[in-house]
Every structure is written in C-alpha cells, then in structure tokens.
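This report covers the domain layout, the ligand surroundings and the confidence of one model. The sequence and structure are shown first.

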Amino acid sequence: MLLMPNILVTGGAGYIGSHTVYQLQRQGFTVSVIDDLSKGHSASVPADALHVCSLFDHPQLVALMRSGRIDAVIHFAAFISVGESGKEPEKYFHNNTAGSMSLFAAMAEAGVRKLVFSSTAAVYGNPTQVPIPETAAIQAVNPYGESKVMVEKVLDWLDTARGVRSVRLRYFNACGANNDAGLGERHDPETHLIPLILRAVRTGRPVTLFGDDYPTPDGTCIRDYIHVDDLASAHIAAVNYLLGGGATAAFNAGTGRGYSVREVINAVERVTGKEVPHTIGPRREGDPAQLVADSSKLRQTLDWQPRHSTLEEIVESAWVFENRNFA
Ligand SMILES: NC(=O)c1ccc[n+]([C@@H]2O[C@H](COP(=O)([O-])OP(=O)(O)OC[C@H]3O[C@@H](n4cnc5c(N)ncnc54)[C@H](O)[C@@H]3O)[C@@H](O)[C@H]2O)c1
C-alpha cells in the first residue's frame, strides 16, 4: 500500500488553514493541526486532527513532529491585520516572526526539512509594476508585511545551513467559502472587503469604503481575489512539489485578474439582488492603488489553475456562508 505523507498544519483552525486541511484529508494525506485557537475555531477542524498548541510550545511541537513522523509543515499560524500591525508592531514581530523561529527550531530538532509558508502580497509594499512578478522589489510598508519578509529571509538561510526546502506562497486577497465543508471566513474583527460588504447587505448597516480617488478607471482600489479553495489547492501542489524534490522558491498566489472595489460591489448586487449600503471614507494609509499578481510561475511550475475564482463564484459562496452562519 502506498503510504501517504504526514503533514503538520499550523493555524489549521483558521480560515485558509481549515480549507487546506479539508482538501488534504480528502486527498488522503495524514494531517495533524496545531492551533492555539487565539483566532481560529475548533469546529473548523476534525477533532481527532486538532492539537491545541502554540507555535511557542517547543516541546509539544517536537513531540508532535516526531510521533506523527511529519514529512512537511504548512505554516499558516500568524496574526493578519495590517491596520493592527501598524499600531502594535511588537505583537506582529513576536507572533509572526518569533513564532516562526520557534517552529523552525522545532523542525530542526525533529529533522523536518520541508515547509510551505503563508507569505503575502504585502511583502511588495507599493509595487511599481502591475501585474507583480516574484522578482519585484521586496519593500514592505507595514509591520505585518515586514514580519513576513523577515521569515522569508530566514528561510533562505535555513536552506543554505540546513537544507530546509521551502515554498513561500505570497497570497493576494483570499476570499469565498466552501459550503459543502461548512467552512468560510469568520475573522473577528473582520477586515476583509467581501465579508464586510455582504454583512452590510444583510444588516442594512453601511460599509465604509476607503477612497474613490485612486488612479484607477473608477477611482477605487484594484485587488486580485483568489477563492480560498484555489489557494488550498496551491498548497497541496506546493507540498507535492517539495516532496518531489523541488527547490526553495516563492510563488505569487493570485489569479492575475484584478477587480476594483466598485466591481466587487456590482457583483454583490447582482448575486444578492440587493443594493450595498455604503459610504466613501478617506484613503487608508499604505493602501496601494493596485495589487494584482503575475501568477504565471505558480501556474507553470506547480501546474496549478484557479478553478473557483470568478467574482460570481466567490461572492455566491461567501453569501451562502454569511447567511448560514451569521444571519
Ligand atoms: N486572509 C488573507 O487574505 C491572507 C492574505 C495574505 C496572507 N495571509 C496569511 O495566511 C495565513 C492564514 O490567514 P487566515 O486568513 O487563515 O488567518 P486566520 O486568523 O483565520 O488563521 C490563523 C490561525 O493561526 C492561529 N494562530 C495564530 N497565532 C498562533 C500561534 N502563536 N500559535 C498557534 N496558532 C496560532 C489562529 O488561532 C488562527 O486559527 C496567515 O499567515 C496570513 O498572514 C492571509
């Protein structure tokens, strides 16, 4: 019988992690999850896979990696709010950067040398070229992005020093839900555009949009929205790549197609049949006009395609999730 690889997922009770765990298990991988539940939800992960454990619990991490004979780690656990990171940088460098160091030390002790890391388009700061290739300058403009840049740099040294092979997936805007699995976005506080717009439709309370005077065709910011299931499948492709002997690399995880905030509002109005109550506020500091991935490297090297990332499918799935879980 073919033995399927053993994967440790950190932050697996969170939004993107739980969708990835679901797909990994359906494909037959043996999955162990660690999550401290500071933000995640235990109900999002099968109980027998979940270990309530922090990135900083070195002995438990080592024990889990050894007893689970872990072949590769997928590392999602982090704090994710750009705005909060500007107000409380220490919290972000501690959890995201130092937390990752604690994980890497445990991997070294347990002899695990393959890692998929949740990086972000925020490592590019305000890019001068759109779509953004992976070769664009790395120049984060907030502590959240910098906390990820630092981890990416450490991973280069771990490759040189210890032969740790890593894939950094630089995500663009994750969104959508998998309603068959009962999974979707449940951040608290929610800061992401699509759930905020859908909440405004459901409750009638207006959502504030940040700026409509950007140098874009309709004046609102353009982002690359990727369905969370497509993001999850990119992780599985990345794990298979590493287990097949792939070298350390960074890949943009986006669709390559950008939509403006206005286009998202129009899509939500089409899908829900209701107007989106909204007001226009000032620009948010550090928000680039456009963030769109050049994702050709991910498509070519990992043979990956987005399958669920039309704006319609994203909004429809998130709308079903919103009504089932928050109404
Ligand atoms: N959501 C996006 O659009 C997006 C975009 C770019 C990058 N990312 C990255 O993707 C990853 C996952 O994002 P998400 O949206 O699923 O976030 P999330 O908050 O839903 O999930 C993160 C999970 O990590 C756990 N966690 C946090 N700190 C921990 C610690 N010290 N020890 C153990 N568990 C801990 C939380 O409890 C939570 O379940 C993050 O690393 C984030 O930076 C997300």
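## Domains

Into which domains is the chain divided? In this predicted model, domain 1 is formed by residues 6-175 + 225-253, and domain 2 by residues 193-223 + 256-326. Their C-alpha centres are separated by 24 Å.

On the domain 1 side, 26 residues take part in the contact, and domain 2 contributes 25 residues. Elements giving two or more residues to the side of domain 1 that touches domain 2 are β7, β10 (225-227), α7 (228-243) and β11 (249-253). Helix α7 supplies the largest share of that side, 7 residues. By residue class, the side of domain 1 that touches domain 2 has 17 nonpolar, 6 polar and 3 charged residues.

## Ligand surroundings

There are 27 residues around the ligand, and Gly-11, Gly-14, Tyr-15, Gly-40 and Ala-78 come nearest. Two or more residues of the shell come from each of α1 (15-26), β2 (30-35), α4 (89-110), β5 (114-120) and β7 (173-175). The largest share, 3 residues, belongs to α1.

The shell around the ligand holds 12 nonpolar and 12 polar residues, along with 3 charged ones. Strand β7 is listed for the ligand shell and also for the side of domain 1 that touches domain 2.

## Confidence

The mean pLDDT of the chain is 97, and 99% of the residues score at least 70. Helix α3 (residues 82-87) has the lowest confidence, with a mean of 94. Strand β4 (residues 72-75) has the highest, at 99.

Technical notes
Residues are numbered from 1 along each chain as its sequence is written. This is a predicted model: local features need pLDDT of at least 70, side-chain atom pairs count only at pLDDT 80 or more; totals for chains, interfaces and linings use all residues. A residue is near a molecule or strand if its C-beta atom, placed from the backbone, lies within 6 Å of it. Helices (H or I, at least four residues) and strands (E, at least two) are DSSP runs, numbered from the N terminus. Ala, Val, Leu, Ile, Met, Phe, Trp, Tyr, Cys and Pro count as nonpolar, Asp, Glu, Lys and Arg as charged, and the others, Gly among them, as polar. pLDDT is the predictor's confidence in each residue, from 0 to 100. Domain bounds come from an automatic or database domain assignment. Two residues are in contact if their C-beta atoms, placed from the backbone, lie within 7 Å.
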